[in-house]
Amino acid sequence: MTDQLVISGGTVYTPQGPVEINVHVSDGVITGLEDGESMSMGARVVDARGMFVLPGAIDVHVHSRDPGFPEKEDFGTLTSAAAAGGVTTVLDMPNTVPGVDSDGVLEAKAALAHSKARVDFGLWGLVRSSSTAEQLEGLAKAGAMGFKAYLGYAFSLVRKQIQYTPDADDPDMEAPPDYGTLLRLAPVVAALGLPLVIHAEDPGILAAFRRPLDSYADLLASRPPEAEAVAISAAAAIADSVGARLHVAHLSSALGLVAAEAAIRDGSRLSLETCPQYLWLSDQDFARLGTAMKMFPPVRTESDRDALIDGVARGVIEVVATDHAPHTDADKARSLDEAAAGSPGVQTLYLSCLELAKQLGDVWKAPKWVCEGPAAMAGLHESKGQIAPGFDADLVIVDPRRNTIVRPEMMRSRQRHSALEGLVSSFSIVEVYVRGRPVARGGRTVGKATGRMVSPP
Ligand SMILES: [Zn+2]
């Protein structure tokens, strides 16, 4: 027997614009969009009158911490937060333990994630300075979404994890991937047709400006925006030389955006991502938020924020993702210098983007930033990110008349702090479906962990 669902009478977002139409779903797939009274016999009918019906968001940048750091997060808590926030697909970064540097590691992580995931998930592979063509090909075959290179992050051969600011004399540390690594592996990445994601901060510039962080101004001075711009320009030149697709993670600066736009004008196959924290916050918020907003790259000045808002408004930055990176309260409670960098964010992605889009005068831009752009970047544009026949029925019902204030109590991540605490979104997420199955209602998860792994076609 087929499982039929009709979402009836809502304002449905389609790439052509919003329409009041019924969404028909059969066995988890959207089968049709239809005007008027819904007549499906035997279908579950959800009354969405007065509501928005949006495609589920795809967060291309999350850190599940699983396996590796269960005290911070795991795939169950990550995907509970995602489900509650209308994120129906998460793409998990490869800096779990062991680092996802080969097919065997990816397959083991996929099995683990599958046992706990409440939403669909994809997995990125890790580029190490020692990575071989065979390893990248194996990762692709095992279903990796693409590859992530962390410029400046070494790899511990003992703990099998990447590490920031390693002791230079530690014999167990493998050198970070550098531009040489990218140049050596770019032809392999190009041949596989998958994106190469970079953490774009030039390690040489960061090393030259390293200092104790006594104030937020020190933190900004230690990671100048030139580090971002230089890394983007260099990586784009390398990727262009062989036609590889490059994706810049978490763009944080006006200068980085200028460098990226110059590369795009010159023909680079470059996609850009920024995060809600860079669109909502500036250094002025540090006094209020403290280490909750410590992250790398840092939240910068108001003029950086304005440039990034302009970038998403113009559609040059096609992807808004979260860099959801939970740490325990104890990890965050240390001094600015010693506190862990990163903050949870997956649950507030959609709410914050809807509010930003509304404030920019066009609420329907939000699904472009969190659904369509990410689907295109990740190669999922034939199955996810749109409400259209043949697509997965990943659907989010949003109430545009009831607001949500971001508060720790609502968080479903293992960590409840948020850099966006206090943000008022004019929207609330009522119900969330993954492939036609409800996964969250009123901010609480429902049903079982039935998330599936996704891979590029
Ligand atoms: Zn990240």
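The zinc ion is held by His61 (NE2), His63 (NE2) and Asp323 (OD), at 2.0 to 2.1 Å; donors here are N, O and S atoms within 2.8 Å of the metal (3.2 Å for Na, K and Ca), and water is not among the atoms, so sites may look incomplete. This is a predicted model, in which local features need pLDDT of at least 70 and side-chain atom pairs count only at pLDDT 80 or more, while totals for chains, interfaces and linings use all residues. Residues are numbered from 1 along each chain as its sequence is written, and side-chain values use heavy atoms, with hydrogens and water left out. Along the sequence, the zinc donors follow the spacing H-x1-H-x259-D. Both histidine 61 and histidine 63 are buried, where buried means under 20% relative accessible area, exposed over 50% and partly exposed in between (1.4 Å probe, protein chains only).

Salt bridges come next. The structure holds 22 of them, each a side-chain nitrogen of Lys or Arg within 4 Å of a carboxyl oxygen of Asp or Glu. One joins lysine 116 to aspartate 66 (2.8 Å, N to O). Lysine 116 sits in helix α2 (residues 103–116) and aspartate 66 in the loop between β8 (57–62) and α1 (75–84), so this pair ties together parts that are 50 residues apart in sequence. Helices (H or I, at least four residues) and strands (E, at least two) are DSSP runs, numbered from the N terminus. Lysine 116 is partly exposed, at 26% relative accessibility, whereas aspartate 66 is buried at 7%.

A further salt bridge brings together aspartate 101 and arginine 128 (2.6 Å, N to O). Aspartate 101 is buried, with a relative accessible area of 10%, and arginine 128 is buried too, at 12%. In the bridge between aspartate 285 and arginine 288 (3.1 Å, N to O), aspartate 285 is buried at 15% but arginine 288 is exposed at 52%. Asp120, Lys384, Asp392, Asp394 and Arg435 are linked in a network of salt bridges.

The largest pocket holds about 950 Å³ of space and is lined by 40 residues, of which Tyr153, Tyr164, Phe296, Ala340 and Ala341 lie nearest its centre. On a 1 Å grid over the protein atoms alone, a pocket is an open set of points where a 1.4 Å probe fits, with protein on both sides within 12 Å along at least five of seven lines, and lining residues have an atom within 4 Å of a point. Grid points are joined across faces, edges and corners, and a volume is the space filled by probe spheres set on the points.
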